[in-house]
Every structure is written in C-alpha cells, then in structure tokens.
Amino acid sequence: MKKVTERLKRHAEHGKRWVIAVPTLWLMLFFALPFLIVLKIAFAESAIAIPPYTQLLTMADDAFDLHVYFGNFIFLTEDALYLTAYLNSLKMAAISTFLCLLIGYPMAYHIARAKPSTQTVLLLLILLPSWTSFLIRIYAWIGILKSNGILNNTLMWLGVVDQPLAILNTNVAVYIGIVYAYLPFMILPLYANLVKHDHSLIEASQDLGARWLQSFWRITFPLSRNGIIAGCMLVFIPVVGEYVIPELLGGTNSIVIGKVLWQEFFNNRDWPLASSLALIMLLLLMLPIHFFRKYQEKEWEEGK
Amino acid sequence: MKQPIRFSSVMFWFGMAFLYLPMLSLVIYSFNSSRLVTVWAGWSTKWYGELFRDEGLMAAVWRSLEVAFWSANTAVCLGVLASVALTRFGRFRGRSMLHSLVAAPLVMPDVIIGLSLLLMFVSMTDVLGWPQERGLFTIWIAHATFGTAYATVVISSRLKELDRSFVEAAMDLGAAPVKAFVQITLPIIMPALVSAWLLAFTLSLDDVVIASFVSGPGATTLPIEVFSSVRLGVSPKINALATLIILIVSLVTLVAWWLSRRKLKRDKLVRS
Amino acid sequence: MIEPSLSRDGVDGHFLQIRSIVKTYDDVVAVNDVSLDIAKGDIFALLGASGSGKSTLLRMLAGFETPNSGKIILDGEDIVSLAPYRRPINMMFQSYALFPHMTVEQNIAYGLKQDRMPKAMIADKVVQMLRLVHMEKYAKRKPEQLSGGQRQRVALARSLAKSPKLLLLDEPMGALDKKLRNRMQLEVVDIIESVGVTCVMVTHDQEEAMTMANRIAIMEEGSIVQSGTPRDIYEAPNSLQAAEFIGSMNLFRGAITVDAQDHAVIDSDEINNQLYVSYGVTTAIEDKHVVFAVRPEKTLISRDQPQGEYNWCRGVVHDIAYLGGHSVYHIRLNNGKILYSFMVNSDRFADQPTWEEQVYVYWSDDSGLVLRP
C-alpha cells in the first residue's frame, strides 16, 4: 500500500515538473535566449555573407579565436542620428503616455462608476477597436489627416481654416496615432483598479466637507496608483520601440529608434548595428520593465 | 457628486468618438465608387469585388488565418500550463523566472522581439541546420510565444479567482487530479480559455513587425501585405477589407455578449 | 436529539479513530496532537472559532491536507496515506462546490461515474438520491438556477450518493440565512440519520452543533478542549475554556476553604456570601484557587432575602434584556460585578423586578460548578 502511494506521489511530482517545464522552456528558448544572441551579434562585425556578420568564435589552427568587435557601439556614439533617435523615442513615449493617462483616466473612472451591467458593455466598446486590425486603424488616420483628407475638408467647409493644415507626416499625427492605438491599454488596468475602490470612502470625505477635486486628489488618485503605474508602463515601454505608427503617420523627420533599427536591418542589412541598437534600447527599458514585472507580480499575489 | 460624473462622462464619450470615428470613416469610404478616398462619388461595392479578386491578398488572408489558428492553439495550451503552475503550485523553484518570462513579452517592443527571434532562428540554422527556411513555421513560433504571455494573463486571472473547492469536490468524489482538472476546472474556465484564444488569435492576425522579421520569402501574411500597400498610400480595397474585419469582430463580440446576457437573465428568471 | 451521555462507543467499537494528529504550517501549529474516537452512526461536531484548527482537521480527514504525524483509522484501515480520491469519505463543502456546468443529476452522478458504475445503476441511484432530498423536480436544472436551500440538498445528495463510510460537513449552514438555517439543520439531520452514515461536521455556531450533533468536541488553538454529548459539554464543562465557549456563565474566582467528601465551600472576594457545591472537589493543598461557575438560567431572582448562608447575593437591577421567551437580568453587586440571570416570562404581565430595584440572586447547591482557573 505504502509503495503504491509513494509511486503515485512521485508520479504527481513528475507531472508537476512537466507542467512547469514546458512553458518555461518554450519561453526561455524563444524569448529569453534570443536576447543572448542579440548580445553576441551586437559585438560582431557586419560582413557581406550569409548570415551577414562575422563569427565571434572561430576555429583556427585548433585554437579558438575570440573576436569581439566594439565598432558598432563606437559608431553609434559618433553619429548624432542615433542619439537623436533614442531621445525622440523616449520623449514621444513620455508625452503619449501622459496624454493617454489624461484621456484614459476619466474614461476609466466613468466606466468604473457605471452600473455593473453597463460596465460590461462599455468595456466591450473600449476593447472592440483593439480586436480589429491595429494596422488598419492606423491607416484610417491617413485618410483623415491628409491635406485633402476628411478633417481638413471638414474644417475648410466649416470655414475654420482656409488652407489645409499639414498634420499628416508630422509629430502631431504620430501622437494622435499612438494615443489612439494605446488608449485601451491605459484604460483597462485603470478600470480594474478603480472598480475595486470603495465608493463610500469618497462619500465619507465629502461628508467631512471635502470638495470634489480635493477628495479626488487626496483619496481616489493616490489609491489608484497601482493602476496608473500599470497603465503607464503598458503604454510607455512598447511605444519606445514603436515602428508602424511613426512609419505610416510620421514624416521623414520624425526619427525614432524603431524606424532606425528597421532601416539598419532591412535597408542597410547591417545586422550587427541593428543588434547593438536593440541592445541599447533593451538596456534603457530594463528599469521600466523590471518595474512593470514587479507590479504584475504584486497584483498576481494580491488576489490570492 | 453630479459635477465630476458629468465631466468624466463628457470625456468618456469624447474618447469613444475618438476611438470610433476613424473606423466609421473606413466603413463609409469602402462604399465610395471613386478611387480617390476623399472624394465622394456615389455608393458602390466594387472594391469588395476587387478585394476578393486579388489573389495575392486572398492567399495572404488564408495564410494569416492558418498561422493565427495554430498560434492561438499553442498559446492557449502553453498558457494553461503556465497559469496552473503560477496559480496552483504554490512556491517552486523557477516561479519568479516564469513570472518574468510571462510578463516581459507583454510590454517588449515588437522590433526587439522580431529582431532577436530572427537572429535566434538564423543561429539555429547555422548550428543545428534547423529550421531550414523561415516562413509560416517561424511566424507560428513567434506568435505562439507572445500569445502565450497574453493567454497566461487571461487564464491565470480566472484560475486565481476560481474557488478551489470545485477541484477538491471532484477529487473527493473520486477523480484523480488530472481527471478533476479536465472534467471540472477546464469546463468551468472555458470562457477564459475562449477569450485567451481569441486574444492570441487577433494578436497574431494583427502583427506586422515581428512577422516581417521572422518570415521568409513567399510567406507574406495579411498584415505584411496590407502594410506594404498602405505605405504606398490610401487604397479603397484596404477600406473594404477593414470594413469586413470590423464587421466580423463586431458580430462575434455582439453574439458573445448577447449569449452571456441571455444566460444571466434566464438564470435569474428561473431562480425567482 | 440529546442522547444520554452513555454513547454507542462501547457497543460498536471506534469506527473512526484519530490518533495524535499534528499539523504545522511553517512555524504555526494548526492541529496539535489531537486524538478522537467517533462511533459508527455518530453525528460528531467539531466546534471552534476560526483558526482553532477544526477545518484543518476536517481537511485532513478528507485527504486535502497531510498530517505531519499521527494516524487516522477508519473502519480498521489507516487512511492517512490515501489520496482524497481513494478515500471512502465524501464531503459537503461550505460553498457546496456544485459543478456549475453540470445539471443537478450530473452533479449527483459524478462520483458514481468515477467508480465506473454501470449506467443503469447510476440512474437508479441518482433517482433514489433525488427522492431522498426531495429534489426530483429539479433534476435537469443547473446549480445557478437553484435557491440556497436547494443547492444544499443537492450537495448533500451528491456527497451521499457514493454511500461513503464517513460524511464530512464543512460549516453546513454557513451559506444560508438565519431563518433557512434552522429549518435546514433539522432536515439535514433527518436525511443523515435516515441513511445512517457516520458524520463529522465543522462549525463555529454552538447552537448548530448542539442541534445537529449527538457528540461535540470543542477545539481551541489546535487542541481538543473537551468532547462529549451536548449535555455533557453544557452541564459539565471540564475547564474554564469549555465553560466560556458554550453559553454564558457567571464566574467567581476564589479559594476552597472546606473540602469534604460530599461537598466543598469556596470563599470569593467577588461575592459577600460563601459558595457551596454539593460534590467533593479534589484539590491539591498548595493550590486552592478555583473558579466557581453558575449558568444564568440556574439562578433565581427574588425581592426577599433567601434563607441559608451560601449561594446568594444582593444587588440592584442594572439592566433588563427582554427577549420574549425569557428576560436576561443584569444584576449589579455592591462591588460592581455584574451577574446574569434568566427569568422565564411565563406570565404575560407578571410583577417582575424592574430597573434599579434591589433584588437577591440565589441558586441551589447542585447548580454550581468548580473549575480550575
């Protein structure tokens, strides 16, 4: 009897190990390990070959030859283009995160205050656009923002302007596109947080004579800190590396790191340089990602 | 209390207009007979005809659906395993690592994921001779990978709030753990599995950046096709495609919402 | 309901024996060396506050937790190493845990299917179970289409379907409102008794334990304080903890002055007269400190001074809680101590003492109890 249960227990332990191992190994292999390869190739030299870079380790005369090349990083510091691209990307991400928060917070607040049955509908309405194609929704803005597009035609018809505004291919268009595409990512965590709040807290503070803005500022806003952090990280981090929106809506002068990396990789076929660009971006994002992960884990444990 | 509600309501409906007007414009202009998107030249459905006649685009649609289907399947399977590990096993070695591996893809910029995966595949081919060529297979791996992260978030949040006594009751009645999981837990969390699957599916259907990196010659997916045609400017065919996508997504959402509401109402009615 | 304290243990032998069970979580001792004997056909209640270890003990019986040490012997077999799905034990969960995606019928059949019982037999058994709990009409319903009481009946039927050797009830009335609770308590007991299954239940509600169980064990901080019939526990608590846990008690701290074969006399600073009990108390000479306890319903109130020198005191009516059937008088003694006394309202408009009136509280010699502090 004892033997049987022992075997069963071992069996169960074995099964558990598989449940953990399969997803961990998959994500290790196809998500974590590739970063090491990026690291490796960032220190290789571009070459006209397949694949187009030199090997870090080569076998020559029965001895390993380690060839580490720092040229990519030196090159990145020499050309002001790259520094500008990084700074532009960070600025773009910061401003659009702020705009998303500004628009998303009241929206999330409105949903969280609605009747529970209405909440579902409103959430679905927020989510529905993001289930349709992201690419196509960005594309829609081209038709709207063009010099002879819907917006300009409307404004001119209304007589607000007499010359079409140049919006497409400017940073304004990029901001519109980013806020448009990432707004749901801000609203969802904010809503999830705000809906948990005890509304009586605010009512209590109003009973105590606090004005609405005061009670919002002192109670609701600090309480929703976790939601704000989650939403901001969910917008900020991916936007730093955004490629599609600046490519479609921005002009040639909106230089961001996603675009530069893409061009180095696809147009110049300089894989090592693209890798070093990615590596630096990764280093820049390390802190916010760590922040996000910690927050995620906290949220995860809280519900238990 | 009235005042602030009104302010947030205004902001909400303003935001909704912001979200929906562009989509509305796509729908309207897809029925425009003129090639020039901004000039209205009367109703027409000819762009839909042209869309369906565009064999390259249609082939890309099928390829994308195929990749999305398999990516979503894989993502849900891996997501279920990861969620079970994260929510049911308590503390174990490597838990924190699994957490990071699941959380990081949610925010990692596409260009980084795409580039690193491509370099990974190239190195693998170099060392192992596999995968021999890049195409739908490598896109499937890439999409399954980030799909797994999203699926895990959806599934584990449902698993976390699921009353453990369901599984305990099943075991109490004689079902071994795996059986209890399959017969009781899985059916109960089925709605979460479906939404995780749909999320992974739409994410895969939507991805252009990662697919561009890891795909090979001849394996263009729909987003890659759309992207290259959109880069050249506005095309009414894409409007027609967009309208169809919006229509399908709206219908699926509406049906799902209606079904869940009907069930809720019926249960209430029966109980009272 | 209440049986004489002579239990059936002697006849049937111990059907369920819990032997020195210990369970710790990290550094916290949840169950500390618990041993219990439960006879066949008993409805045994583990009564305790939350965190007393009663639920952990129940979960160890079900097999969801493994004890660090100790034995659980059911019908002659040690089941500690058996997985929950191999134990001949079924449980009714506090939340009922009815499978929401299955009908009432399917829920009841689930356990039988696990045993690979033939389909026809399963169908028969399900019908039988539905009849037992009077739910024949609801066989095709889903759990969310049932009321609280109906859900409980289904849960009970499901846990009885496999004819378990032992039935576990986890806070059986926890999910019901008060009115329904009283009805279901009796209904559940009727069903359990008609099946004749041995049952261990966990509850924090003493009234529930006393109504439903024929034996009760009080748990506190992981240990059994006392076990016995409801009457034993109420009338003869063996410790201060047990006395305070069930019902209310008037307590006087004091020391034994006379310790004879058939009676004892206690001196207490908290009352002006001496206290007398009509049974001998074995005390150690070096420790004469005891607590004298008397239940409020065993005391009487009068306007006239009682005769004798023991077991009475004078005070004024401090408060009266009129509860319909009886009133609870709060009597304040000279030293400020409050005594509780019940007065049965047998007359509709009797001339009863009222606020601030001077009264005497007294009780008979065999009403009091001597407990160790």
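C:Asp75 sits in the loop that joins strand E4 (69–74) to strand E5 (77–78) of chain C. Helices (H or I, at least four residues) and strands (E, at least two) are DSSP runs, numbered from the N terminus. This is a predicted model: local features need pLDDT of at least 70, side-chain atom pairs count only at pLDDT 80 or more, and totals for chains, interfaces and linings use all residues. Residues are numbered from 1 along each chain as its sequence is written, while chains are lettered from A and ligands numbered from 1 in the order in which they are written.

Most residues other than glycine have a negative phi, and most peptide bonds are trans.

| Residue | Phi | C-beta atoms within 10 Å |
|---|---|---|
| C:Asp75 | near 50° | 15 other |
| C:Glu171 | near 40° | 20 neighbours |

C:Asp75 is partly exposed, whereas C:Glu171 counts as buried. Buried means 20 or more other C-beta atoms within 10 Å of the residue's own, exposed 12 or fewer, and partly exposed in between; C-beta atoms are placed from the backbone. C:Glu171 lies in the loop between strand E7 (166–170) and helix H6 (178–195) of chain C.

Chain B has a cis peptide bond, from B:Trp130 to B:Pro131, with omega near -5°. B:Pro131 is in the loop between helix H5 (110–128) and helix H6 (136–161) of chain B.

The contact draws 17 residues from chain B and 20 residues from chain C. Two residues are in contact if their C-beta atoms, placed from the backbone, lie within 7 Å. On the side of chain B that touches chain C, H7(B) gives the largest share, six residues.
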